Amino acid sequence: MQTLTQQLANPTRFMELSSRVLPWASVIAAALIAYGLYLALLESPADYQQGETVRIMYIHVPCAWLSMMIYGLIALSSFGLLVFRHPLADVSAKAAAPIGAAFTFLALLTGSLWGKPMWGTYWVWDARLTSVLILFFLYLGLIALRAALDDESAAAKLTAILALVGVTILPIIKFSVNWWNTLHQPSTDFTSTVDPSMRWPLLVMAIGFTILFFAMHLKAMRNEVIRRRVKAMRTQAVAGRDRLAAQAAG
Amino acid sequence: MRSFWALVRRDLQLAVREGGAIGTALGFFLIVVSLMPLGLGPDLNLLSRIAPGVLWIALLLAALLSLNRIFESDYEDGTLDVLATGRIPLELVAAAKSLAHWITTGIPLALLAPVLGILLNLEFRSYPILVATTLAGTPAVSFLGAIGAALTVKARRGGLLLALVVLPLYVPTLIFGISAVSAASGPSGMGASFLILAAISLAAAVLGPLAAAAALRIQLQ
């Protein structure tokens, strides 16, 4: 009796399933984000203090949420690779890293654009900003380490180790950086402090972005699986040609 | 345990007899610190205010340059393969090599720091605290650095990659190292920050060898 993860870890079944899920996920993500943008830009009220700039929040918060969720996903995948040796776990970790770095960058960028009118400066060395910046550096480290190693299977495992080390150290970084807590507001309890007129569009955008990420992740994973198959076939083809050449010579 | 200490002694002897390595790190430390006033201007008040930060950052950079020494030469000449097939677990090998790195790099850098403090007009009161915090913090530098050194032992462009991988991990060490020095002159004293710094070092001494050994094992196969 195979468990669900074991079934999904079969690359052939993954390709089959993902090809069926992907169009749906893309359509739902596009529809949710379109609806969310409509709500966020037109329907929801401007903030009584921040005016129209509050609308940056509807992009900023989903990106920030994804930047952390994707690192969690990479850590889970890395664990799956090192402990259970699922080949797909590495594909997942590899595909997620650049997407995660992009969302982290977007969170920093939108936050900085929001900070200019609100705080009067694009960047402050505040706890929240600094720890997201360090998260961004961790993503870059993961991508760079993988890019620097020739042996793909070793690269996969080494990157997985780095991802797990990062996950153990992240709470310490977060906690240490919180010591000079300054400008950014603490995490908001969405059920009580955000007005329903803003909570609903934010929720739609967050779900839309999350599904968008899963669609992009699935697509990137499919590309990676296909890339590996092509590589394996090329190797086989070259090996076959060598054999033929050897027979012809012998 | 005997073989553990034998390994530490071997690395220390290698560091001493090869020479150069310790001197290079100290020289680099000296140059980075003396470049600071050239870049920031010779204002003594400003320098004494930022001295702990400058010293800590220069120390991290100097240690970073010497990190690849932990595994690289042993990996290249095959000693690591022999050690991996030997009786003591690879985790202990990694721990011994990190410890040797701390003794040959961390301690000399920590002892040099107050001397360089003179260049930056650091208050005399802060000297013992500076030595204490750097001594408590540098084990974290060596043991966390060993993870990066092990991960990049086979990589192309190892040096720059090592910095990218390891420097984010040094953030807590840096923050608590500096806050211990600056808190010492305040009302609350250095107690809490210093204890957390020591805790980070101890945690790194556990985590570092585990992760480094796992990384080495993958590359030695």
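## Close-up views of a predicted two-chain model

Chain A has an average pLDDT of 83, and 88% of its residues score at least 70. The model shown here is a predicted one, and its scores are ipTM 0.85 and pTM 0.86. For chain B the mean pLDDT is 87, with 97% of the residues at 70 or more.

View 1. The secondary structure of chain A consists of seven helices and zero strands, so that, read from the N terminus, the order of elements is α-α-α-α-α-α-α. Of the 250 residues in this chain, 36% count as buried. Among the contacts in chain A with a separation of 6 or more, 78% are between residues 24 or more positions apart. Where pLDDT is low, the predicted coordinates should not be read in detail.

**View 2. The bend in helix α2 of chain A.** Helix α2, which covers residues 11–43 of chain A, bends by about 30 degrees at V21(A), and a proline, P23(A), follows within four residues. The buried residues of this helix are F14(A), A29(A), I33(A), G36(A) and A40(A).

**View 3. The packing of α5 against α6 in chain A.** The axes of α5(A) and α6(A) lie 10 Å apart, and the two helices pack at an angle of about 170 degrees. Because angles over 145 degrees count as roughly antiparallel, this is how α5(A) and α6(A) are described relative to each other. From α5(A) the contact includes A127(A), T130(A), I134(A), L138(A) and L145(A), and from α6(A) it includes A155(A), L158(A), L162(A), I173(A) and V177(A). By class, the residues of this contact divide into 11 nonpolar, five polar and two charged.

View 4. L133(A) is a residue of helix α5, and it counts as partly exposed because it has 17 C-beta neighbours inside 10 Å. When residues up to four places away in sequence are not counted, L164(A) touches A75(A), S78(A) and F79(A). L164(A) is 82 residues from L82(A) in sequence, and their C-alpha atoms are 9.9 Å apart in space.

**View 5. The side of chain A that touches chain B.** In the contact between the chains, 22 residues of chain A meet 23 residues of chain B. Helices α5 (127–148) and α6 of chain A each supply at least two residues of the side that touches chain B, and the largest share, 12 residues, comes from α6(A). By class, this side of chain A has 18 nonpolar, three polar and one charged residues.

View 6. Most residues other than glycine have a negative phi. R85(A), although it is not a glycine, has a positive phi of about 55 degrees, and it lies in the loop between α3 (57–84) and α4 (87–119) of chain A. R85(A) is exposed, with 11 other C-beta atoms within 10 Å. In chain B, N121(B) has a phi near 60 degrees, which is likewise a positive value in a residue other than glycine. N121(B) lies in the loop between α6 (90–119) and α7 (126–151) of chain B, and with 16 other C-beta atoms within 10 Å it is partly exposed.

**View 7. R222 in helix α7 of chain A.** R222(A) lies in helix α7, which comprises residues 196–249 of chain A, and it is partly exposed, with 17 other C-beta atoms within 10 Å. Leaving aside its neighbours within four places in sequence, R222(A) is in contact with M15(A) and S18(A). By contrast, R222(A) and L42(A) are 37 Å apart in space, C-alpha to C-alpha, and 180 residues apart in sequence.

Conventions. Residues are numbered from 1 along each chain as its sequence is written. Chains are lettered from A and ligands numbered from 1 in the order in which they are written. This is a predicted model: local features need pLDDT of at least 70, side-chain atom pairs count only at pLDDT 80 or more; totals for chains, interfaces and linings use all residues. Two residues are in contact if their C-beta atoms, placed from the backbone, lie within 7 Å. A residue is buried if 20 or more other C-beta atoms lie within 10 Å of its own, exposed if 12 or fewer, and partly exposed in between; C-beta atoms are placed from the backbone. The bend at a residue is the angle between axes fitted to the seven residues ending there and the seven starting there. Ala, Val, Leu, Ile, Met, Phe, Trp, Tyr, Cys and Pro count as nonpolar, Asp, Glu, Lys and Arg as charged, and the others, Gly among them, as polar. Axes are lines fitted to C-alpha atoms, for helices over the stretch in contact, and angles run from 0 to 180 degrees between N-to-C directions. Angles under 35 degrees count as roughly parallel, over 145 as roughly antiparallel, 65 to 115 as roughly perpendicular and the rest as oblique. pLDDT is the predictor's confidence in each residue, from 0 to 100.
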